[in-house]
Every structure is written in C-alpha cells, then in structure tokens.
Amino acid sequence: MKTIMNTTIISKGRPVTQSKKKDDRASWRHHNFTTAGPVDDYLYSMLPKRDPVLAEMEDYATAHNVPIVGPAVARVLQQLALMINAHTVFELGSAIGYSTIWWARAVGEKGRVIYTDGDSKNVDRARGYFARAGVSSRFTLHTGDALEYLSEQKQEFDIIFNAVDKEDYPRVLRLVAPRLRNGGLFITDNVLWSGRVAEKNVADARTKAILEFNRKLYDAAEFYTTILPIRDGLAVAVKK
C-alpha cells in the first residue's frame with residue numbers, strides 16, 4: 001500500500017512509504033503520485049521552458065494555491081486539440097485561465113474558446129493574462145455558473161474540457177453529449193483525485209461523485225474513454 005497525504009492507493013502489492021516533507025515543487029505537480037518521484041522529475045525536466053506569461057501564472061498558482069493543470073497536462077490538451085484540428089473549445093471551470101491559453105494557441109486565430117468561472121477576480125486576472133499573451137480575441141468570457149451556461153449552448157463544440165467542482169461531475173456528463181460533435185473530445189481533469197478513487201468505504205461527497213462519473217463515462221455508449229495516469233488523472237473520451 002502507498003500513502004499519500006492520508007490517501008491510500010495500491011502500489012504493486014508492496015508497502016511503500018512516501019515522505020510528507022514539504023518540498024519546493026509546484027503545488028500543481030501532484031509529485032510522486034501517478035509516477036514515482038524520480039520519473040516524475042524526469043518528465044517535467046523534459047518540458048520546454050514556458051513563455052513569461054505562463055511561467056508567471058504557474059508561480060502565482062503555487063503561491064496562492066490556485067488549481068491549474070500545469071504544463072505536462074497542458075501540453076497533452078494542446079496536442080489533442082491539434083490532433084483533431086479543433087476550432088471550438090468550451091472550458092468548464094477556468095480559474096485564472098492557464099489551460100485556456102494553451103487551448104487558444106491550439107485553435108488558432110480563427111478559433112474560439114469559451115472561458116467560464118464563477119469568481120470575478122479570477123476573470124479579471126485571466127483577462128489580463130490573455131491580453132499579455134496576445135490571444136484575447138480568441139475568447140468568450142463568462143462569469144457565473146459554467147454548467148448553466150453550457151446548457152444554454154445550441155452549437156456543437158470540438159472539445160469540452162471539464163474542471164468544475166467535483167460534486168458536479170455527474171451533472172456535467174448529462175449535458176455534454178448533445179453539445180459535442182461526433183469525433184469531438186470530452187476531457188476531464190482530476191479523475192484519480194490524488195488516489196482517493198482507490199479508497200475503501202468512501203464517505204467524501206467529492207470522491208463519490210468522481211467515482212460515479214468515471215463509471216458512467218466508461219459505460220456511456222456514446223463515448224470511447226481512456227483515463228491517462230498523468231498528474232491527477234485525465235479522462236479522454238471521444239464521441240462516437
């Protein structure tokens with residue numbers, strides 16, 4: 001068994017103890033979770049240096065405990081968008097807009113990314129980052145309930161990215177399929193939830209919601225789904 005911040009997950013049947021000592025790694029790394037510490041360090045060492053805006057956002061997220069996907073996952077998101085030639089992305093839960101910038105750069109000048117967040121301070125900060133990154137024209141910014149705004153959409157998107165409050169994950173699944181084109185991608189962050197999905201006798205509402213979501217997503221006839229064990233788990237589902 002392997003213990004991570006009071007969370008127990010299976011680790012090849014061997015007892016493994018992880019130090020809880022705080023280090024200087026970025027908070028969004030989920031270091032030594034899905035991959036062993038040295039392997040995780042190697043993967044991040046391979047990443048190209050980010051531009052000043054993204055680097056500042058990573059530092060801000062670490063200093064203020066703002067949830068962002070980080071550069072390893074962000075590169076996967078951008079790569080997936082490029083692979084399907086995506087031009088429209090709806091992002092559910094955008095925070096300070098870190099992943100939103102990666103999406104914007106993937107869809108190009110004629111593409112469109114919908115940013116959503118319930119915190120007006122996050123929206124204002126994101127707007128400043130977008131301007132400095134030179135991608136402001138590619139966004140529609142919405143302050144308020146992301147799921148309600150998605151439910152109002154009449155078009156089909158190339159990608160819908162889900163990073164809302166975990167209790168809402170099952171509700172998201174019910175809204176997505178009619179608003180995603182065939183061959184489009186429904187991508188969800190945090191589906192391994194720092195290993196809590198492997199706990200016995202789960203009582204936490206957020207963990208229960210993620211477990212329900214994961215099972216229903218894999219069972220959904222309209223999607224072909226894989227969970228990628230990178231950072232905190234990334235579910236990638238293609239609409240058939």
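Analyst: Asn-214 sits in helix H8, which covers residues 205–219. Helices here are DSSP runs of H or I with at least four residues, strands are runs of E with at least two, and both are numbered from the N terminus. This is a predicted model: local features need pLDDT of at least 70, side-chain atom pairs count only at pLDDT 80 or more, and totals for chains, interfaces and linings use all residues. Residues are numbered from 1 along each chain as its sequence is written, and side-chain values use heavy atoms, without hydrogens or water.

Is Asn-214 buried or exposed? Asn-214 counts as buried because its relative accessibility is 11%. The cut-offs are under 20% for buried, over 50% for exposed and partly exposed in between, with a 1.4 Å probe and protein chains only. A polar atom of the Asn-214 side chain lies 2.9 Å from the backbone oxygen of Val-191. Beyond its neighbours within four places in sequence, Asn-214 contacts Val-191, Val-197 and Ile-227. Contact means heavy atoms within 4.5 Å.

Helix H8 also holds Lys-216. Lys-216 has a relative accessible area of 43%, so Lys-216 is partly exposed. Its C-alpha atom is 9.9 Å from that of Arg-174, 42 residues away along the chain.

Now compare helix H4, residues 98–107. Nine of its 10 residues are buried, so H4 is largely enclosed by the rest of the structure. The buried residues include Tyr-98, Trp-102, Trp-103 and Val-107. Just after H4, Gly-108 takes a positive phi of about 80 degrees.

Helix H1 spans residues 37–45 and contains Leu-43. Leu-43 counts as partly exposed because its relative accessibility is 43%.

Of the 240 residues, 51% are buried. Among contacts between residues at least 6 apart in sequence, 66% join residues at least 24 apart.

How far can the model be read? The average pLDDT (the predictor's confidence in each residue, from 0 to 100) is 90. In all, 87% of the residues score at least 70. Residues 1–22 stay under 50, although the model gives them 35 contacts beyond four places in sequence. Where pLDDT is low, predicted coordinates should not be read in detail.

Terms used: A polar contact is a pair of N or O atoms within 3.5 Å; within protein, one must be able to donate a hydrogen and the other to accept it, and residues adjacent in sequence count only if both atoms are side-chain atoms.
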